[in-house]
Amino acid sequence: MTIQDTQTILQPELVNQLERKISYLRDLQSAIKNNQISQVYQLLDPHKLNDNVKKISSEVSMVQLEYLIADIKKDIAAFLAPELINYVVTNFNFLTLAPVAEDATNYNVYLGDWWDHRQVGTLNVLSVMMTSDDTIFSELIETAKLPEGKTINATKIQELREVITGLESFLADNTKRSLELQVIEDQLSEISANKSGLFGRSDKVTREALEKKQELLIATQKRVPEVEEKLSKQQEDLLTFEKEDALRQLELQAILAHYVDVPEFSAALQNIYVSYMTKLD
């Protein structure tokens, strides 16, 4: 068999493969040109929805599709993003979206527009898929089950407040301890000078008792910086726990204003692709 014979045999299949790829790119070009957003998504993933998908698209594998548009994915995402983001913030008006730095295909999704709002997931513009933070949703479900006035961090907060009260009490006694030290120093000075003072005479037992008390007070005073540092840390932890509970309450109120419960909201987020395609059609 000659080289020409081999080429003749292989040529039809090669031509067909090229034609399928060219046809796919033409379909994608036409959909973008005519602003047919739903068709663009169906071409990006022809296996996601079974209806209204052109046969030519299904004949090109996902691996091939990825390769064909690899160098323009960010541009396609930039084209699709405005309408998708508008849909999300319109239908989930308590969510805030922000583009991921240097990644046009993904947007970070936050609950609420308040200060220090939490990220609940990431939305991929090309797949219209949400990757959610399961920890946050678990916390919100748990919060919703608690009796009114109770919070997830309630026990931790109570324990911290008790510790803080004790530390503050210790520091509040610092002035009293300083005065006691001054009195002891004066008494020791009188004994050393062999003068008649409060005790009437210099007494070995008295000196030892005073020195022991002085040693104890000095050791206690040396703990002040450590206690101050610990108090600061405990106060920071308390603020963190209180803030976490406050944020969860805000998040829960925002969700329950639109949905029966947190699981229903979570399901709606996971169903964005279908709901968005339905809206586009």
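Modeller: Contact here means heavy atoms within 4.5 Å. The model is predicted: local features need pLDDT of at least 70, side-chain atom pairs count only at pLDDT 80 or more, and totals for chains, interfaces and linings use all residues. Residues are numbered from 1 along each chain as its sequence is written, and side-chain values use heavy atoms, with hydrogens and water left out.

Colleague: Which residues of α6 meet α11?

Modeller: Helices (H or I, at least four residues) and strands (E, at least two) are DSSP runs, numbered from the N terminus. From α6, Phe-137, Leu-140 and Ile-141 touch Val-262, Pro-263, Phe-265, Ser-266 and Leu-269 of α11. By class, this contact has 7 nonpolar, 1 polar and no charged residues; Ala, Val, Leu, Ile, Met, Phe, Trp, Tyr, Cys and Pro count as nonpolar, Asp, Glu, Lys and Arg as charged, and the others, Gly among them, as polar.

Colleague: At what angle do α6 and α11 pack?

Modeller: Axes are lines fitted to C-alpha atoms, for helices over the stretch in contact, and angles run from 0 to 180 degrees between N-to-C directions. Helix α6 (residues 134-145) and helix α11 (residues 262-270) pack at about 155°, their axes 9 Å apart. The pair is therefore roughly antiparallel, a label for angles over 145 degrees.

Colleague: In which sense do β1 and β2 pair?

Modeller: Two strands pair if DSSP finds at least two bridges between them. Strands β1 (residues 95-100) and β2 (residues 103-111) are antiparallel, with 6 bridges. Pro-99 has Tyr-107 in β2 as its bridge partner. The two strands form a hairpin with 2 residues between them, and Glu-102 in the turn has a positive phi of about 60°.

Notes: Parallel < 35°, antiparallel > 145°, perpendicular 65-115°, else oblique.
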